Protein chains: 2
Amino acid sequence: MTAPPDITAIQAAWRLIQPHVHYTPLMHSRLLDAHTGARIGFKCENLQRVGAFKARGACNAVFSLSDAEARNGVATHSSGNHGAALAMAAAQRGMAAHIVMPEGVPGVKREAVAAYGARIIDCEPTLAAREAALEALVGETGAQAVHPYKDPRVIAGQGTVALEILEQMPELEVLVVPVGGGGLLSGVALAVKALRPEVEVVAAEPAGADDAFRSFGLGELQPQTNPQTIADGLRAGLGEINFGIIQRHVDTILTVEESSIIEAMRLQWTRLKSVVEPSGAVSFAALLEHRERFAGRQVACVISGGNVDIDRLPWHAQ
Amino acid sequence: MTAPPDITAIQAAWRLIQPHVHYTPLMHSRLLDAHTGARIGFKCENLQRVGAFKARGACNAVFSLSDAEARNGVATHSSGNHGAALAMAAAQRGMAAHIVMPEGVPGVKREAVAAYGARIIDCEPTLAAREAALEALVGETGAQAVHPYKDPRVIAGQGTVALEILEQMPELEVLVVPVGGGGLLSGVALAVKALRPEVEVVAAEPAGADDAFRSFGLGELQPQTNPQTIADGLRAGLGEINFGIIQRHVDTILTVEESSIIEAMRLQWTRLKSVVEPSGAVSFAALLEHRERFAGRQVACVISGGNVDIDRLPWHAQ
């Protein structure tokens, strides 16, 4: 299962997950078009089930298991949206989900996982502890491990975002996608370059967590060290399988400052009336910060998620 | 122009304004359905142009003027969404708009009006000063005054919200609408009872600004005195023409507490990922506070607007 998916796998994923996820709307705003000089379609994955695109990859992983593989459930470690997505997908199929969660995860995220009936396994908040706990869990239960972004089934599922955008915006010239671990970016880039190679694929990454930018520039995977960004969904280090796809199919990676992320969020909240999490605003932040690249063009901008603590917004004094 | 509109006027308004306003989406949430026990369609007028249903009535008023009537522009006094809506509508038709605005209106609201090229006339923040300034303005300019909720053209425009809901949710059993001055409620009630009289029309009003509730109970128009609610769009007193329509066509008026309004807002922000202003959350607050009336039924819930200062949210310490 380590070969990257191809367009056939992404199209198959789309058929497979359609009963379980939303075909999310593409929103437009005259004000934000005027503000940027571009014609923007915002792909609202914050309106996806569980509030993030992660529902797509998790559903594809879960529903592509054979009955024999599915018997013992699925497992992952997650501090964020992937855990909830996998719990939701497993509940849809009527199977067990085991989610390793590090201590310190906000209660609201634990509750989201628990609400789908998943079993939560606590662990220390380190990557080593998370991986050890997951390995022990898989050994004990026989559950199928589903990695949040390295799993080819997950990459194929995330790529379905692009199939919808190409249908919704046939005049598309540029697609802007946030990059963290690279599951969404690699799936989307694969799909776009297979179907519409002339469309430019641009990744947006926080300057404070720029391992993808550095890896892309050097042509060699670089580690993510001490990421500093409010975009908590983009702090993960790029996966190796994801990096290979990104090298082949992504045109550019742009970094954005924290102030641009916050400005983008505020504009999306006040103008689109849409609740966007910091990671979800990073693609639009790239349009604001690199305006000249996009002016006059037809741009799709992926809002990857909307799961944010409305009691602790980044523009309030901390 | 003091006779109430009929269904023919509302249908004509819909044809007239269609090029200028959005056919807004009806959103669903499995989580909020489970939370309330009802099957809810949220009519997202927060995604309407200018961020509120007011765009409909203003466009109908502006585009139903004859060329002779339109020559000298339109005028109104407004501290909120109606001023921006009238400015937008006038700009669409290429005519002048004069908006009397009381001192103390937030800068963001003044900017919204100014951004549409309208002329702003300042006045003291009292109803008497506003009405005097508007009268002087109309005398001076010959502009057509467009009242935010008493004008039959405005009522007909607001009623088009119901035409869309009836198309979007043919299984509808109950419609819940916030009431302030009564423009939206009277237009919607007229439309629903003309086309689907078996559908129940329920108004939702803050308990701290309950003149509609009191008037409806007593059968006589009662003044709005010292309204106390965060739902700033619902502090206006019910209009007489609106009250007449409401008496004939509305089934029930329910009041809601401030705490329910805030709970409704929070649920709509976190579950629908939708930025809803306090007034816009009052209809859903009625579902939360009067749960037993709605459980098991097909309910449309109008989110009337999304213009809220995200730096001053009601759940933050003031």
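Okay, let's start with a definition: two strands count as paired if DSSP finds at least two bridges between them. Strands themselves are DSSP runs of E, at least two residues long, while helices are runs of H or I of at least four, and both are numbered from the N terminus.

Some housekeeping. This is a predicted model, where local features need pLDDT of at least 70 and side-chain atom pairs count only at pLDDT 80 or more, though totals for chains, interfaces and linings use all residues. Residues are numbered from 1 along each chain as its sequence is written, chains are lettered from A and ligands numbered from 1 in the order in which they are written, and side-chain values use heavy atoms, with hydrogens and water left out.

So, chain B and strand β10, residues 298-303. On one hand, β2 (residues 39-44) of chain B pairs with β10(B) in the parallel sense over six bridges; on the other, β7 (residues 174-178) of chain B is also parallel to β10(B), with three bridges. Look at B:C301: B:F42 has it as bridge partner, and B:V176 does too. Five of the six residues of β10(B) are buried, meaning under 20% relative accessible area with a 1.4 Å probe, protein chains only.

Chain B also has an open sheet of four strands, order β5-β4-β3-β6, with parallel pairing. β5 (119-123) and β6 (144-145) of chain B sit at the edges with a single partner strand each, so one side of each has no neighbour in the sheet. Inside it, β3 (residues 74-77) and β4 (residues 97-102) of chain B are joined by four bridges, and B:A75 is partnered with B:H98.

Over to chain A and helix α9, residues 183-195. At 1.5 Å a residue, its 13 residues should span 18 Å, and the end C-alpha atoms are 19 Å apart, which agrees; the expected span is 1.5 Å times one less than the number of residues. Since 11 of the 13 residues are buried, α9(A) is largely enclosed by the rest of the structure.

Now, the interface. How many residues of chain B are in contact with chain A? It's 21, touching 21 residues of chain A, where contact means heavy atoms within 4.5 Å. The two chains bury about 1900 Å² between them, 55% of it on carbon and sulfur atoms; that's accessible area (1.4 Å probe) lost on being put together, summed over both. B:R30, B:K273 and B:I310 supply 35% of chain B's share, more than any other three residues.

Definitions and conventions. Buried < 20%, exposed > 50% of the residue type's maximum accessible area, 1.4 Å probe, protein only.
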